[in-house]
Amino acid sequence: MNERVIEQSASLLAGAHAALRLSYVFIGFIWMFLRRAPDFSTAIISGSKIDRQRLLGEIVASTAELLGPVFIKATQMISYRSDLLPSAFLSPLSRLQDNVEPEPFSVVRSTLERSYGQPLYTVFRRFEPIAIGSGSIACVFLAETNEGNQVAVKVTRSNIRLRISHDLKSLRTLVSFLSGLQFVRGIPIIDIYTHIADMIYSQADMEIEAAYLNEISRKQVRSTRVKVPQAIHSLVRSDILVMEYIDDSVPISHHSISAVNYKNASREVLRTLYDMIFESGLVHCDMHPGNILVSVGGTVALVDAGLVSHLSETDRRCFRDFFLSLVFGESIGCADSIIRASGYKADKLNRKEFRKDVSDLINMHHAKSAGDFLVAEFVHQVFMIQRRHKLYGSPGFVSAIWALVMFEGLVRYRFPELDFQQEAKSYITGSIVDMIRRGGDRH
């Protein structure tokens, strides 16, 4: 009886906390809206729909910053769903970053000693108290193990998983409410929320990230020049990730990287992305400069596997067919791949009209030279066609596209001739040859 009372009390307390947090969300949004009310009035008077959408996006971005990590990350992930929402609304969301102050080292040390159950300096020979990296969920420190190995130690912020859990419950309540509104009817908003929630929660579990790092490393066999740091499992806890420290390397955007090394590194990372998308199905979705490191000798390292998306076999097959159809100018194949990969299809999809729209787009893009073909521009146009025909991509399919768009934005200014289409063609045909050869070897 007492246990039941305790469970009921805990449930009521959790519900009250979620309701309170949800109220805070609404109050934050209304406060930000009121601050921009004069601008909104001007946009309404002028009749500019784009200005209204942009202002609403700015209000949502500012509200997310006010509310903290979960809302920032959810808004970041929504920012690439131009298949769902207008570009003018999404543009302000893309400015959100996780450049935040690290926790005091006294708090970090308490987390480490509580998790290990012993003093910090019995676990590590040396531990630098100044963070070398800091995000909204975790901070990274340099340390040395008792065996003398340099390691990077990623420590989650105090109570972050509890905060994330409460915020995700609040967000789910909000999403459930929104799903019943007319303007989002037909959009798979619950599925999108579930995908985002899973990705956010896994970022706060260092044991999951350790498994991701090792799985990416194990499956990444085609590009031997790309290194993924190995997690040291004996030192990993749910709130602590200890991994190899990548020494003598700088972010790929660093000015010290020679033009030759930069181009070789970019090509290797693109091939690695294709390997993830077409083969392994485990896609690194956080391709910002700090997560792609290059050594003086040109060795490439891919770090931070916190934001990872899983592609189903269907998504991988659809994406492979989609890219092959693009590079060979087969518009019907492209159109049909998009339809198969859609998480939601309109009841009355006009396939003939859809194929015509896709055909016009493919004819425009597939023959472009490397410097003229922009992945982001092409993807934006694909998404516009999808929205027009009420087709919405599955979360995994869209995450794969987003990873490519992020990477293109990173390298395009310094390596405009990088040929995304030719690299995809070479990769896929090479995979087919390997598969045939392996089949022949078995006989």
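The model is predicted: local features need pLDDT of at least 70 and side-chain atom pairs count only at pLDDT 80 or more, while totals for chains, interfaces and linings use all residues. Residues are numbered from 1 along each chain as its sequence is written, and side-chain values use heavy atoms, with hydrogens and water left out.

**Whole chain**
- The chain holds 17 helices and 13 strands, taken as DSSP runs (helices H or I, at least four residues; strands E, at least two) numbered from the N terminus.
- Of its 443 residues, 49% count as buried, meaning under 20% relative accessible area with a 1.4 Å probe, protein chains only.

**Nonpolar cores**
- A nonpolar core is a set of buried Ala, Val, Leu, Ile, Met, Phe, Trp, Tyr and Cys residues joined through side-chain atoms within 4.5 Å.
- The largest core has 76 residues, and Leu404 and Phe407 touch the most other members.
- Helix α16 (residues 395-411) gives this core its largest share, 10 residues.
- Beyond its neighbours within four places in sequence, Leu404 is in contact with residues including Leu270, Tyr274, Phe319 and Phe420; contact means heavy atoms within 4.5 Å.
- A second, separate core of 20 residues includes Ile164 and Tyr193.

**Helix α10**
- Among the buried residues of α10 are Met206, Tyr212 and Ile216.
- The buried residues of α10 pack against elements including β4 (150-156), α9 (189-203) and α11 (259-280).
- Asp205 caps the N-terminal end of α10, with a side-chain oxygen 3.0 Å from the backbone nitrogen of Glu207.

Conventions. Buried means under 20% relative accessible area, exposed over 50%, partly exposed in between (1.4 Å probe, protein chains only). A polar contact is a pair of N or O atoms within 3.5 Å; within protein, one must be able to donate a hydrogen and the other to accept it, and residues adjacent in sequence count only if both atoms are side-chain atoms.
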